[in-house]
Amino acid sequence: MRGQAAADTVAALIPAAGAGTRLGLGPKAYLSVNGRSLLRRSIDALRPHVDEVIVALPAGLSPGAQADLGDVRVIVGGATRQDTVYALLQATSACHVLIHDAARPFLGAATIHALLAAVRETGAATAALPVADTLVRATPGGEWLQGVPRDHLWAVQTPQAFRRLELLAAHDLARADGHAATDDAGLLARQGHPVRLVPGDARLFKVTTPADLPLAQAVARVWDADGHA
Ligand SMILES: Nc1ccn([C@@H]2O[C@H](COP(=O)(O)OP(=O)(O)OP(=O)(O)O)[C@@H](O)[C@H]2O)c(=O)n1
Ligand SMILES: C[C@](O)(CO)[C@H](O)COP(=O)(O)O
């Protein structure tokens with residue numbers, strides 16, 4: 001939908017169409033922690049703050065799995081995360097979009113509020129955390145090559161918030177150039193667009209490898225007991 005953006009509306013776009021290769025348990029959106037799936041947790045966190053939620057799932061998922069999502073629109077994702085987000089952007093006419101990985105299930109309301117305020121000021125914002133560990137560039141074999149100063153380095157999370165038409169234009173340009181990016185903020189930054197870094201949360205980690213699953217189970221118990229969405 002490239003037409004005029006509906007005034008000040010916000011769509012939450014959730015890429016959930018990955019294969020879960022590094023976790024090794026198949027597509028991970030429907031994996032449950034403390035009785036609720038990663039995807040459901042992301043939807044529940046975003047739903048109260050936006051006008052619509054659209055989820056992209058892997059092709060071939062059963063209609064039953066889609067029906068479980070209730071009032072959420074479902075589309076089929078693409079071969080890469082970038083392709084999936086591009087498809088999600090075509091599926092809404094909202095003025096602003098909040099893009100959030102289904103694989104980051106612990107998303108607090110304060111982070112959403114901060115991102116929505118920032119995007120109205122700057123047009124692009126992402127949750128991110130200052131890097132706390134020592135950093136090193138290594139050889140392909142895992143030998144220490146050179147330390148990397150960590151001053152001013154942040155680890156980028158999601159959600160990321162944008163004016164939809166500006167992000168769509170950045171995606172179009174990346175596709176025309178054959179440019180692949182690991183996130184959406186990078187596509188706008190590459191064009192010189194300012195991107196505001198909004199302090200995220202350590203609990204917003206991405207469930208990526210097997211070690212992340214017991215961590216997510218433990219966080220989920222405390223998260224739910226604290227009454228978060
Ligand atoms: N073609 C793709 C690839 C990824 N994603 C989504 O992008 C988010 C971040 O991706 P990642 O953690 O890499 O998930 P997977 O791609 O599933 O994992 P892997 O790379 O290990 O296969 C996830 O919510 C994932 O579902 C997507 O919607 N479409
Ligand atoms: C978008 C993202 O979560 C920001 O950190 C990250 O780049 C996704 O990377 P992945 O390799 O697709 O998991």
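In the predicted model, Val 97 is in contact, leaving aside its neighbours within four places in sequence, with Ala 11, Leu 13, Leu 89, Thr 92, Phe 162, Arg 164 and Leu 167. Val 97 is also listed, together with Leu 13, Ile 14 and Ala 16, among the residues that have the most contacts inside the largest nonpolar core, a set of 52 residues. In soluble globular proteins, nonpolar side chains tend to be buried together. Strand 6, which spans residues 94-99, is mostly covered, five of its six residues being buried.

The pairing of strand 6 was examined on both sides. With strand 1, strand 6 pairs in the parallel sense over five bridges, and Ala 12 has Leu 98 of strand 6 as its bridge partner. With strand 10, by contrast, strand 6 runs antiparallel, and the two are joined by four bridges; here His 96 stands opposite Arg 163 of strand 10.

These pairings belong to an open sheet of seven strands, in which the order is 5-4-1-6-10-7-11 and the pairing is mixed. Strand 5 (73-76) and strand 11 (196-199) each have a single partner strand and stand at the edges, so one side of each is left without a neighbour in the sheet. From one strand to the next, the twist averages 30 degrees. Strand 5 pairs with strand 4 (residues 52-57) in the parallel sense, over four bridges, and Val 55 is placed opposite Val 74 of strand 5. Helix 3, formed by residues 81-90, packs on the sheet and touches strand 1 (6-15), strand 4, strand 5 and strand 6, with a direction that makes about 145 degrees with that of strand 1. Helix 5, formed by residues 164-177, likewise packs on the sheet, where it touches strand 6 and strand 10, and its direction makes about 115 degrees with that of strand 10.

Most residues other than glycine have a negative phi, and most peptide bonds are trans. Asn 34, although not a glycine, has a positive phi of about 50 degrees; Asn 34 is found in the loop between strand 2 (32-33) and strand 3 (36-37), where 16 other C-beta atoms lie within 10 Å and the residue is partly exposed. His 152, also a residue other than glycine, has a positive phi near 65 degrees and is placed in the loop between strand 9 (144-148) and strand 10. His 152 counts as exposed because it has 7 C-beta neighbours inside 10 Å, the limit for this class being 12 or fewer.

Technical notes:
Residues are numbered from 1 along each chain as its sequence is written. Chains are lettered from A and ligands numbered from 1 in the order in which they are written. This is a predicted model: local features need pLDDT of at least 70, side-chain atom pairs count only at pLDDT 80 or more; totals for chains, interfaces and linings use all residues. Two strands pair if DSSP finds at least two bridges between them. Axes are lines fitted to C-alpha atoms, for helices over the stretch in contact, and angles run from 0 to 180 degrees between N-to-C directions. Two residues are in contact if their C-beta atoms, placed from the backbone, lie within 7 Å. A nonpolar core is a set of buried Ala, Val, Leu, Ile, Met, Phe, Trp, Tyr and Cys residues joined through C-beta atoms within 7 Å. A residue is buried if 20 or more other C-beta atoms lie within 10 Å of its own, exposed if 12 or fewer, and partly exposed in between; C-beta atoms are placed from the backbone.
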